[in-house]
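Please prepare a short briefing on how the side chains in this protein pack together.

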Amino acid sequence: MDLDPKIPQYSTGDPNSFGWQTGRKRWPIIITQAIDDAYRAVAHCTDPEKQNEGKRIVESLTKLKYEVQHDRALTPLPDDGFPDVALYNKELEQLGSPTWLRSPWLYTECYLFRRIATSFALSTHWKNYDVFARQKTSTFRSSRPAVLELAARYKDLTSQLQSHPSQPREAQELLFAEMAEICLWGNATDLSLLTSLTYEDIQALQGSEARKKAEANILVNDLPAVFAHLLEAKQSGKKERRVDIVLDNAGFELFVDLVLAGYLLSAGLATHVVLHPKSIPWFVSDVLPSDFAALLNALAAPRWFYETPSEEEELQGKTPEKLSDKEVEELGFLFQEWSRFHAEGQLVLRPNRVWTGPGSFWRLPKEAPELVQDLKESEVVIFKGDLNYRKLVGDAAWDPTTPFTEAIGPLGPGSGLNILALRTCKADVVVGLPPGKDEELKALEDGGGDSGARKWAWNGKWAVVSFSKSS
């Protein structure tokens, strides 16, 4: 905590913050969905020992929900064998006796998901069970129209890059911007935020028309500087040029992350891409290594994935629409490309439990010096999504005109790190805005008005693309 910004963090006890809404409305829904999933899994168990253990996990999740809804004090995490438990418990002790609905929002939400993970980690038969996997798969199936659209676009794009490797700088920059914006808006599908999403809602968030309309909603756009940086590295003749992506959501967002990664490799803007998934189920939809494998499996057998009715569809008597041969071919092309990059070591996964720690990334140079040293080898480290952004800036109540380079503290200029945040706004904190922009957005309908709340930043409609060069 002593390494964090010396500015108050957002709290679940502030009625004008999204943390207030999160603690009272979103968390109970998220825990209920986890209970329902675990209950269904236990019901299908045939091993009595595993079934009894599963029932105890359901009881522990039910107890957790009660504690949240009744604003009980947070309790120390039991030791499940992983060293981050000590970090969580030390910070909890430093916070005094915080209760769920009157505590630092960032710490408490991280604690929530770490606590859920602990319920499974302490078991014998459920250690590797992802209680959110069913939701992630369902949402990716619902993203089918956007997946098919991008698969076709990606195949055409790759063919163009192969047949016309030398393109004017303007064309290269436009293409880079399109790929990066696809990657940005893929973050609009966030299961921890959209707890009651319908099939129609998902499709409204995805697709080329949605992206074109959303371009005007990028409040800070440093993509030209990022492109110039990557192009300069390429033209300098450097043989090894790595880009890192600290991942956010699985499913469609991971799909668009791979679209960006594949494009960077095909266009020669990177020679290697390192993906950083989470090590435990996290914020409902975050990427685990198993989600990467599941996505590739879906692309390898798209008819099985998209045409096999889900349990819900079977109950409703619905049959998914068949894929065309062309669509199967385009999805197969993606599988071949990405599998080849992965097999040849150009696309690698590197999980680290640092990403599921309790606090801000201001702490990384002291708490994870080896990781920071490794990231210095990267041309650009891309942090995806809202939580990563909140951790970068310490989830502190910065003045919104504060420069991004200042708000990321020890990771800013002089750190040896080149950091790009791709974030659709789903929390209160935002930096780097021009003077008067926050007031202008608050004046919009449901923007917050005179309440003091920054409601415009709660729904993912607005985005920031912020870049900090190492020097």
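**Aromatic rings and nonpolar cores**

Phe-140 has a relative accessibility of 5%, so this residue counts as buried. The model is a predicted one. Tyr-306, at 4% relative accessibility, is also counted as buried, because buried means under 20%.

Aromatic pairs
- The whole structure contains 26 aromatic pairs according to the search.
- Phe-113 and Phe-283 make a stacked pair, with 4.7 Å centre to centre and 25 degrees between the planes.
- Phe-113 belongs to helix H4 and Phe-283 to the loop between strand S3 (272–276) and helix H12 (289–300), so their pair ties together parts 170 residues apart in sequence.
- Both Phe-113 and Phe-283 are buried.
- Phe-140 and Tyr-306 make a tilted pair, with 6.4 Å centre to centre and 45 degrees between the planes.
- Because Phe-140 is in helix H5 (residues 133–142) and Tyr-306 in helix H13 (residues 302–307), this pair ties together parts 166 residues apart in sequence.
- Ring pairs join a cluster that includes Phe-140, Tyr-154, Trp-304, Tyr-306 and Trp-338.

Charges over rings
- Lys-50 has its charged end over the ring of Trp-126, 4.9 Å from the ring's centre.
- Arg-390 has its charged end over the ring of Trp-105, 3.7 Å from the ring's centre.

Nonpolar cores
- The largest nonpolar core has 79 residues, and Leu-392 and Val-393 touch the most other members.
- Helix H4 (residues 105–121) supplies the largest share of this core, 10 residues.
- Another core, of 66 residues, lies apart from it and includes Phe-176 and Ile-245.
- Beyond its neighbours within four places in sequence, Val-393 contacts residues including Pro-5, Trp-362 and Val-431.

Notes. Residues are numbered from 1 along each chain as its sequence is written. This is a predicted model: local features need pLDDT of at least 70, side-chain atom pairs count only at pLDDT 80 or more; totals for chains, interfaces and linings use all residues. Side-chain values use heavy atoms; hydrogens and water are left out. A nonpolar core is a set of buried Ala, Val, Leu, Ile, Met, Phe, Trp, Tyr and Cys residues joined through side-chain atoms within 4.5 Å. Buried means under 20% relative accessible area, exposed over 50%, partly exposed in between (1.4 Å probe, protein chains only). Helices (H or I, at least four residues) and strands (E, at least two) are DSSP runs, numbered from the N terminus. Contact means heavy atoms within 4.5 Å. Rings of Phe, Tyr and Trp (its six-membered ring) pair if their centres lie within 6.5 Å; planes under 30 degrees apart count as stacked, over 60 as edge-to-face and the rest as tilted. A charge sits over a ring if NZ of Lys or CZ of Arg is within 6 Å of the ring centre and within 35 degrees of the ring normal.
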